[in-house]
Amino acid sequence: MSIVTVQLGQCGNQIGFEVFDALFRDSHCSQGLCSKRENEAYQASCKERFFREEESGVPVARAVLVDMEPKVINQTLSKAGQSGRWKYGQHACFCQRQGSGNNWAYGYSVHGPKHEESIMNLIQKEVEKCDSLSGFFIIMSMAGGTGSGLGAFITQKLQDQYSSSLKMNQIIWPYGTGEVIVQNYNSILTLSHLYRSSDALLIHENDAVHKICAKQMNIKQISFRDLNQVLAHQLGSVFQPTYSEDGSFPYRRDPLGDLMEHLVPHPEFKMLGVRNIPQMSENSLAYSTFTWAGLLKHLRQMLISGAKMEEGINWQVRPPLSGLPPLGKMSVHKDLHLNTSVANLVILRGKDVQSADVEGFKDPALYTSWLEPVHAFSMWKTQRAFDKYEKSAALVSNSQLLVKPLDMIVGKAWNMFASKAYIHQYTRFGMEEEDFLDSFTLLEQVVASYGSLGP
């Protein structure tokens, strides 16, 4: 089954390019550490999901590119074309000459209705080229104007027009220190609208990705391209093919459907985070060896302690044992908090994957009381190695991980709203104060629901 990707705004288009490039590079890598037959099946499965073949023989990304300014789209098309490996469709782009000026309301209320027909037609044409549609993967930021405002509008229209197809939004959470003065408004409006129209929100925080670049990749001067390549690696490690349900060859057919089924058991809980291990520079990798036991021990502790990356894991947080209170709940250790999960998916790729033991992720103490670990935990695997790693593991988690950043962003937006700061920039494009209040109410409920998961 195929996934149609919708790249929105500067952020969505730049990340989208890196994702397709990483997927293509990995599927054509000769270091897959598996049989030729299996490697060919892996390639075919990746291609069916993300690319289609043109008469010229060059694979074409199953994607629609949307931005309100032409510069980034032109750069993206050119980079893909120059790679010579794959390209974007000739008529798969929509751009204008005027951006959204970091104003969510302008993207949502002006650009959205004005260009709805043109954009939805492009998406429909891409859908028609799929033999079987798994759903939509929508890449956008939530702090600016086009990606966030127009992104929320288009997601809503996809829900109206393709109600039976799944929609997953990959959202870039802004730096805490701020890129745009009104980013907190844009963020709460984006999140609250997507909570109504999307099936799952896969969230990446810029601050966390930045730390991975600095601490684990050893990059001295970090560019947006560095951040985007880390993101693309994480997304590739989730979306590349894995064995079907019984753990045997061939590969599973419906990646989006399987992700939703395993990770979103209730519409109140649809915020997903991704962690990867190992993730390091080529230089460090040359001197490193990994065991499944070591990788999974670290990944489990990252989950329990809410760590976003391998470095700096807090090993003191632990789940409760035989009725004792968890260390994270004891008053002496206020900073130690057990990150409770709704559902987790571990994806293992590489050598001797059959020997990996994931029993530690099935501990009932890691999960909410209303879902048994047998339903809350899943594992996907493949012998086929990913990227340059002989063994690698990814964790997609629906847990309390994002409660704190969400609560902070809602609090900051509320403080601005209470003093009526910048509200006029939104009301002049048809929004009302009531729309803000609706967003606050919905997101406070989300914070409360995730907050109540713990023991």
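This is a predicted model: local features need pLDDT of at least 70, side-chain atom pairs count only at pLDDT 80 or more; totals for chains, interfaces and linings use all residues.
1. Sheet. The strand order in the open sheet of 10 strands is S5-S4-S1-S6-S7-S8-S9-S12-S10-S11, and the pairing is mixed. Strand S5 (93–95) and strand S11 (377–382) form the edges, each pairing on one side only. From one strand to the next, the twist averages 20°.

2. Strand S1. S1 is mostly covered, with seven of its seven residues buried. Ser-2, Val-4, Val-6 and Leu-8 point one way, Ile-3, Thr-5 and Gln-7 point the other way, and all are buried.

3. Neighbours of S1. S1 pairs with S6 in the parallel sense, over six bridges. Within that pairing, Phe-136 in S6 is the bridge partner of Val-4. S1 also runs parallel to S4, and four bridges join these two strands. Here Leu-8 has Val-66 in S4 as its bridge partner.

4. Strand S10. Of the 10 residues of S10, 10 are buried, so the strand is largely enclosed by the rest of the structure. S10 (residues 341–350) runs parallel to S11, to which six bridges join it. S10 runs antiparallel to strand S12 (residues 391–399), with nine bridges between them. Asn-344 can be followed in both directions: this residue stands opposite Ser-397 in S12, and its bridge partner in S11 is Phe-377. Further along, Leu-348 has Lys-381 in S11 as its bridge partner.

5. Helix H5. Which strands does helix H5 lie across? Residues 146–161 form this helix, and the strands are S1 (2–8), S4 (63–67), S6 (133–141) and S7 (166–173). Relative to S6, H5 runs at about 160°.

6. Main core. The largest nonpolar core has 110 residues, of which Ile-123, Met-168, Phe-239, Leu-406 and Phe-436 touch the most other members. Helix H4 (residues 104–128) gives the most to this core, with eight residues. Met-168 deserves a separate look. Leaving aside neighbours within four places in sequence, its contacts are Phe-136, Phe-137, Ile-138, Ser-198, Ala-200, Leu-202, Phe-239, Leu-256, Leu-259, Met-260 and Leu-272. One of these, Phe-136, is also the bridge partner of Val-4.

7. Second core. A separate core of 25 residues includes Leu-299, Ile-304, Ile-313 and Leu-366.

8. Largest pocket. The space in the largest pocket comes to about 990 Å³. Its lining has 34 residues, with Gly-306, Lys-308, Leu-401, Lys-404 and Pro-405 the closest to the centre. Helix H6 (183–197), helix H7 (206–216) and helix H13 (403–418) each supply at least two lining residues. H13 gives the largest share, six residues.

9. Cavities. The structure holds two cavities of 30 Å³ or more.

10. Cis peptide. Where is the cis peptide bond that involves Pro-278? The bond joins Ile-277 and Pro-278, with omega at about -5°. Pro-278 belongs to the loop between S9 and helix H10 (282–285).

11. Asn-218. This residue is not a glycine, yet its phi is positive, near 55°. Asn-218 is placed in the loop between H7 and helix H8 (224–239). Its relative accessible area is 40%, so the residue is partly exposed.

12. Asp-387. A positive phi of about 55° is also found at Asp-387, again not a glycine. Asp-387 is in the loop between S11 and S12. Its relative accessibility is 24%, so Asp-387 counts as partly exposed.

Technical notes: Residues are numbered from 1 along each chain as its sequence is written. Side-chain values use heavy atoms; hydrogens and water are left out. Two strands pair if DSSP finds at least two bridges between them. Axes are lines fitted to C-alpha atoms, for helices over the stretch in contact, and angles run from 0 to 180 degrees between N-to-C directions. Contact means heavy atoms within 4.5 Å. A nonpolar core is a set of buried Ala, Val, Leu, Ile, Met, Phe, Trp, Tyr and Cys residues joined through side-chain atoms within 4.5 Å. Buried means under 20% relative accessible area, exposed over 50%, partly exposed in between (1.4 Å probe, protein chains only). On a 1 Å grid over the protein atoms alone, a cavity is a set of points where a 1.4 Å probe fits but cannot get out, and a pocket is an open set with protein on both sides within 12 Å along at least five of seven lines; lining residues have an atom within 4 Å of a point. Grid points are joined across faces, edges and corners, and a volume is the space filled by probe spheres set on the points.
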